[in-house]
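I opened my notebook for a friendly look through this model. Here is what I looked up, entry by entry.

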Amino acid sequence: IIGLGDVSQSKSGPPFWKCRNSNLVAVMRRTPGKAAEWAERVPGGLCVGYDNLKAFLHHPDGLDAVYISTRPGTHLELCEKVAAAGIRNVYVEKPCGRCAAETEAMAKAVDNLYTAYMSRGYPRTQCVRDLLQEGAVGDRVTNVCHTLIGSGGARGMEGDGLPWRLDA
């Protein structure tokens, strides 16, 4: 994992060691000591924390895949560096790129580019997919309306200026 923010620490990171035949062996965060501190919590004692990208990419046992969980504006550059290190499988937090051209460049740089878009696995999303496949809502959908109740998980809205999530 490159980037150990809230999402990767609580939601996306744990499945990497909880899934069968998967081990989380390296994490990287720029803040000195933070990645090593988090790596100590990963069961099995195999995970190493790095605060330097070059060292992370040259992890002694190699890396089969990398999850990039940083700000969207860094995704293309990091994906290219991961690919240059010979790692061909990349899982990127959404949005992959800030525009179609960035995302296309990322897809060309690696063999397999996956988007961290977990809501496609939600039961409600699967239900909509099933209804569409069954033709229960007709043969063409032209409009979808969604009502969100609550904050939608918005964070960092307190204080002056826009939070990084809203500043391209």
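I began at Lys 18, which I found in helix H2 (residues 14-18); helices here are DSSP runs of H or I with at least four residues, strands are runs of E with at least two, and both are numbered from the N terminus. Lys 18 has a relative accessible area of 62%, so I noted it as exposed. My cut-offs are under 20% for buried, over 50% for exposed and partly exposed in between, with a 1.4 Å probe and protein chains only. I also checked Lys 18 against Pro 43: they are 25 residues apart along the chain, and their C-alpha atoms are separated by 9.1 Å.

A note on what I am reading: this is a predicted model, where local features need pLDDT of at least 70 and side-chain atom pairs count only at pLDDT 80 or more, while totals for chains, interfaces and linings use all residues. Residues are numbered from 1 along each chain as its sequence is written, and side-chain values use heavy atoms, with hydrogens and water left out.

Next I stopped at Asn 21, in the loop between H2 and strand S1 (26-28). Its phi is near 60 degrees, a positive value in a residue other than glycine. Asn 21 counts as exposed because its relative accessibility is 83%.

Then I stepped back to the whole protein. I listed seven helices and five strands, and along the sequence they follow the pattern α-α-β-α-β-α-β-α-β-α-β-α. Of the 168 residues, 28% count as buried. For contacts (heavy atoms within 4.5 Å), I looked at those with a separation of 6 or more: residues 24 or more positions apart account for 45% of them.

Is His 59 buried or exposed? At 8% relative accessibility, His 59 counts as buried. I placed it in the loop between helix H4 (53-57) and S3. Leaving out residues up to four places away in sequence, His 59 touches Val 25, Ala 26, Val 48 and Tyr 50.

Ser 69 was my next stop, in the loop between strand S3 (66-68) and H5. Ser 69 is buried too, because its relative accessibility is 12%. Its side chain makes a polar contact of 3.5 Å with that of Tyr 67. By my criterion, such a contact is a pair of N or O atoms within 3.5 Å; within protein, one must be able to donate a hydrogen and the other to accept it, and residues adjacent in sequence count only if both atoms are side-chain atoms. Not counting residues up to four places away in sequence, Ser 69 touches Ile 2, Gly 3, Ser 8 and Glu 93.

How do H5 and H6 run relative to each other? The axes of H5 (residues 75-84) and H6 (residues 100-109) come within 9 Å and cross at roughly 10 degrees. The two helices are therefore roughly parallel, a label for angles under 35 degrees. H5 brings His 75, Leu 76, Cys 79 and Ala 83 to the contact, and H6 brings Glu 102, Ala 105, Met 106 and Ala 109.

I finished with cysteines and a proline. I found zero disulfides, taking one as a pair of cysteine sulfur atoms within 2.5 Å. For Cys 96, the nearest cysteine sulfur is that of Cys 79, 8.2 Å away. Cys 96 counts as buried at 7% relative accessibility, whereas Cys 99, at 38%, counts as partly exposed. Pro 95 sits in the loop between strand S4 (89-93) and H6, and the peptide bond from Lys 94 to Pro 95 is cis, with omega near -10 degrees.

Definitions and conventions
Axes are lines fitted to C-alpha atoms, for helices over the stretch in contact, and angles run from 0 to 180 degrees between N-to-C directions. Angles under 35 degrees count as roughly parallel, over 145 as roughly antiparallel, 65 to 115 as roughly perpendicular and the rest as oblique.
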